[in-house]
Each structure stands twice: as structure tokens, then as C-alpha cells.
Amino acid sequence: MEDLTYRLPQTRTVAAESDGTNHALDARRVAAVPRAVTPGLPGYVVDADGGVLVDAEGNSYIDFASGIAVTSVGASNPAVVAAVQDAVSHFTHTCFMVSPYESYVAVAEKLNEVTPGDHAKKTVLLNSGAEAVENAVKIARAYTKKGAVVVFDNSYHGRTNLTMAMTAKYTPYKTGFGPFASDVYRAPMSYPLRDGLSGPEAAARAIHMIEKEVGAENLACVVIEPIQGEGGFIVPAAGFLPAIAAWCKENNVVFVADEIQAGFARSGKWFAVDYEGVVPDLITTAKGIAGGMPLSAVTGRAEIMDAPVVGGLGGTYGGNPVACAAAMAAIGQMEELDLPGRALEIEAIIREELEPLLELPQVAEVRGHGAMMALEFVDEDGRPNAALTAAAAAACKEQGVLILTCGMDYNVIRLLPPLVIAEATLREGLRVLADAIRANA
Ligand code: PMP
């Protein structure tokens, strides 16, 4: 993998003794922030670049999280920093609905260009992933004049009321927060490791449920993550997504791909649906889109996007000018540095370093695409092994490698390194992880 240049040393250093700074900051957090927002890393970040995060005590961690798949171009990419500084020196905000500016339109044009399909497209900009998903549902309802929404087992779509209803896992995302939005139905997902079905078989199972339990005549949209994120980095069997998309087309149902985690070069293609040549009617994006600035989008067929009435979509901050400038720079970096290609190189290195672990009976699968890879752990009876997952992640953290877990059963370690990480840093982090898994297996 080609070396890039970095501002910070790409080293892993964790002091044996703490000077107490992180602890003091954490005491302030506990007093000031509700326990519902409890961070995973003990260190408080003061700097970040390339593949490392530096905390208030000078510890330098290898970052396999990217702020949950956000800082694909790095957390302080010079092109993004320069674009933000320039934008912010002119104006921080006007509200696009009140007084427009060019960068919003430029981001919309860019998204219309890079998303799958060569049909006429339009884009609305918003702030968060959940807000993008909510807007995709609104747009699909306005277009089809139907109400029901189908999502899938294991799915994650956000924390607002509608997206909580769309999200599968109850604890912690929904605990105590009901009642939830109605008219949301959950179909069975393709999960090759667990169901052993081919893509077409799993699609037939899902379509049967949709036809019998929802009815195409009531259904506005099917919303699916082409690679499920929080639910366990589940890659559906080949043929599943195309069959679901084809059924939607035949039944006047809007097919929405939630690419908030998998999109923008992360999977080794621009979008994860590209692996199967699926062209969604609507696509939701966020996270990696703007180099860490809050921005999200719904992009899709022009006639669907134009269904809501004038004034029907928007929001005070959606498409903030500083975030738009960051997005243009971040997407430019993805093109210039060929980050989809780099994500594929990252996949090859992850497979080389971690696939030998498949000799352990506890490692059920190494799966994923690009820089969105995961390991699923089981116990001696083949049941989900959350204990090993947590122990390996904790050991990594102690040794200066930030690892995230996921999965309905908390038994998946997911790897989301920045796409600009250096090869040596990546390999060092993976070796720490491999040793931690072997030590705890
Ligand atoms: N959809 C997917 C697939 C996601 O991974 C996430 C965030 N993890 C969301 C939606 C929600 O995004 P946000 O946290 O920005 O609201």
C-alpha cells in the first residue's frame, strides 16, 4: 500500500502510568453528561491524524473505528481542514432555505454524479444519518401515496422515533423510549453464516413475508443496509439485494439503500450496492461524506425526489456551508487518492493477517468488503461468544488499539480503519488484535 504523508507520528504508545488527566476529565463527564452517553475509550482525544488518535496524556492509539466509519479521509485531512477554514472565514450559516449558496448545489451535483445509476437524480442535504433515513421515508410516502415501511432483521437506521422503530436491536437503542412509530415491518435478512440460504432463497423468504404480512399495495418503501453495520457487518448472500430491488420495481415500492455506514469508498467500491450492480431508487448517505463534519443526504430518482410539495423538505442546518465545503474536499480526496482502491488493499491486508485465526474453533467467520471487515465469534457449542469478543476488544484498547464491536449478540469485532491509514500502522494494530484473540480464545 502506498505511503501517504502525515502530520502526527503514526505510532502506538500507551504510558504504563497515567498522570490522572484522563481520569479527571472523565470525572467531569460523569458529573455533567448523562450515563446514556458513555464513551468506550478511557482517553480524551486532543489530536488525530491518519491512523492514530492522541489523548490528553499523550497516549497514541491506532484507530480502527474512524469515529464509526466517518473519518475515511483522516480526522484532520489537510484538504478538508483548508476547505473548512476558507468556508468558515466567509460565513458559518445562512440557512439554505432562506438564502442559498453555491456549495450546497455543488454537493448535490456531486452526489447525483457519484451515486449508482445514470438516470436523472436530485439530492437533499440534512445533518445526521437518522435524519436522512427519516427523509427518505417521507419522500417515498409522498411519491407512492402509501404508508408502510419494510426493514430487516439486525438493521440499524438511527435513534429518532421513526428510525428507532426501524432499528432491530432493542437494548440499548430503544430501552424505555417507546411507543414507537407505527407501520414499520421487519423482514428476514440474508445471513449466510446463520441461515445457509442462497441469496435468491433468502429473498424469496423475505418477499413471502412482505406480501403476506404487509401487502405491496400498502408499502411505500423497503429500506436496507447493503452491508449491515451495527447489526454485525452482515453481507447478504449474492443475489439477495438484486431480487429484493427487482420485486420493489415490479410493485411500485421505493427501494432505499441505507449506505450511511458502507458508502463512500468504505466497502472498496463507491457504494456497497455496486458489488451487485443494484441501482437504488433512493440512497441515504452520511458519515464518511464530509470528513467528520455533520452532513447527510438523500439522493435519488428525480421524479421521486420531487414528489414532496414545495417547502416540504429542509431544516435550519441541513447542508450547512462549512459541512458542504468539507464534503467537496473529502469526496475530492477519495477520488484523488483512489480510496476505494485503498480500501481493497486494506481488505487484502486484513485477510492476510486475520484469516489464519480461522483455525481457532471460536472464530466462525472473517467477512466484509474493503475497510469494513469483521470477525464473528462463537463458543464450543457454536453459540454467539460475547465474552471473547469483549475480552479481545478490551485487551486491544489497553494496548493502544481502538476496536469496535457490533452484532445483535455482541459477538462481532468490526474493523473500520481510516482509509488513509499507513500499511505499517494497520499491520501493527491487526497483530495486536490477533494476539488478543488468541490469548482470550
Ligand atoms: N444508518 C446506518 C446504516 C448507520 O450505520 C447509522 C449510524 N451508525 C445511521 C443510519 C444513523 O446515523 P446517525 O448516527 O448519523 O444518525
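**Close-up 1. Residues around the ligand in the predicted model.** Residues are numbered from 1 along each chain as its sequence is written, and side-chain values use heavy atoms, with hydrogens and water left out. Because the model is predicted, local features need pLDDT of at least 70 and side-chain atom pairs count only at pLDDT 80 or more, whereas totals for chains, interfaces and linings use all residues.

**Close-up 2. Polar atoms at the ligand.** A nitrogen atom of the ligand is 2.7 Å from an N or O atom in the side chain of D258. On its own the ligand has 400 Å² of accessible area, of which the protein covers 82% (Shrake-Rupley method, 1.4 Å probe).

**Close-up 3. Helix 3, residues 78-90.** Helices are DSSP runs of H or I with at least four residues, and strands are runs of E with at least two, numbered from the N terminus. The 13 residues of helix 3 reach 19 Å from first to last C-alpha, close to the 18 Å expected at 1.5 Å a residue (1.5 Å times one less than the number of residues). V80, V84 and A87 are buried (under 20% relative accessible area; exposed is over 50%, partly exposed in between; 1.4 Å probe, protein chains only). These three cover an arc of only 70° around the axis, which puts them on the same side of helix 3; the arc is that of the directions from the helix axis to the C-beta atoms. P78, Q85, S89 and H90, on the other side, are exposed. The buried residues pack against helix 11 (321-336). At the start of helix 3, a side-chain oxygen of N77 reaches to within 2.9 Å of the backbone nitrogen of A79.

**Close-up 4. E57 in the loop between strand 2 (52-55) and strand 3 (60-63).** E57 counts as buried because its relative accessibility is 18%. Leaving out residues up to four places away in sequence, E57 touches S18, D19, G20, T21, N22 and H23 (heavy atoms within 4.5 Å). The side chains of E57 and S18 are joined by a polar contact of 3.0 Å (a pair of N or O atoms within 3.5 Å; within protein, one must be able to donate a hydrogen and the other to accept it, and residues adjacent in sequence count only if both atoms are side-chain atoms). G43 is 14 residues from E57 in sequence and 7.7 Å from E57 in space, C-alpha to C-alpha.

Notes: Near = heavy atom within 4 Å.
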